[in-house]
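Hi everyone, thanks for making time this morning. I'd like to walk you through one structure, so please have a look at it with me.

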Amino acid sequence: MSAPAFPPLMSGHPVDAGIDPFEKACAMAALGCDAGLIVYNVAANRLAAALVMAPEVPLEKAMAMLPACGVGFQNALGALGPPEVAVHLEWAGGLRINGAACGRLRGMASTDDPKAQPDWLVVGLELPLVLAGGQPGQRPDETALYEEGCADVDATNLLEAWARHTLNWITRWDDEGPRPLHSEWRGLAHGIGEDIVQNAQSGTFLGVDEDFGMLLRRDEQTALIPLSSVLEQDR
């Protein structure tokens, strides 16, 4: 298998199957690696990658990188997969293909202070290519890429396309502000208008604010859940 080719400003760092690219990327970021590094592992049953970024804005605004990576994934699979395959994005990072859960995005930063500028921010992509354990249909709300008519999609090509499209959205967000990303993400968002539970709070998911914070309405009150609340903590 040939190494993936990443766009300018990005570089690749492959890891073995036993190493979590997300955890490796966070460790490398903490040691001061360059922004734009993608740590990745492409296996027969799973694609995993993590992108290191160095935001120049406070953490809460930098959290737009999570939906940017999600929109980048949808654009990448849209370019490589069959046109009938639908990708939707959960607010907290979950990925859905044809309505079923299929992998996720996850994030970690050097700080959990929403007003502080993080030294680094890492967004990880995890995508099952084939179902592990059991046959298709046994878990109807879970799926894998190759179960959804995408068996001809090469995982390395998908990784390359994810990097390109994500970089495009990061650049647009940097140049044009959040509005274009908001518009694209909202068309792909899963669960808007539905009753959900998030961070132990229940209510109707109304949408998001400028920084992609969740607006959750319960009775006559609307709560704001910051997107930074979904970041994982360093263990």
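Let me begin with a question: which residues in helix α5 (residues 179-186) are buried? They are P180, L181, H182 and W185, where buried means under 20% relative accessible area, exposed over 50% and partly exposed in between, with a 1.4 Å probe and protein chains only. Their cover includes α3 (65-80), α4 (155-176), β4 (87-89) and β9 (201-208).

A word on what we're looking at: this is a predicted model, where local features need pLDDT of at least 70, side-chain atom pairs count only at pLDDT 80 or more, and totals for chains, interfaces and linings use all residues. Residues are numbered from 1 along each chain as its sequence is written, and side-chain values use heavy atoms, with hydrogens and water left out.

Stepping back, the protein has 5 helices and 11 strands; helices (H or I, at least four residues) and strands (E, at least two) are DSSP runs, numbered from the N terminus. Buried residues account for 48% of the 235 in the protein, and the C-alpha trace spans about 55 × 45 × 35 Å along its principal axes.

Now to S228, in the segment after β11 (221-225). S228 is buried, at a relative accessible area of 11%. Leaving aside neighbours within four places in sequence, S228 is in contact (heavy atoms within 4.5 Å) with L59, E60, M63 and P114. With E60, the S228 side chain makes a side-chain polar contact at 2.5 Å. By polar contact I mean a pair of N or O atoms within 3.5 Å; within protein, one must be able to donate a hydrogen and the other to accept it, and residues adjacent in sequence count only if both atoms are side-chain atoms.
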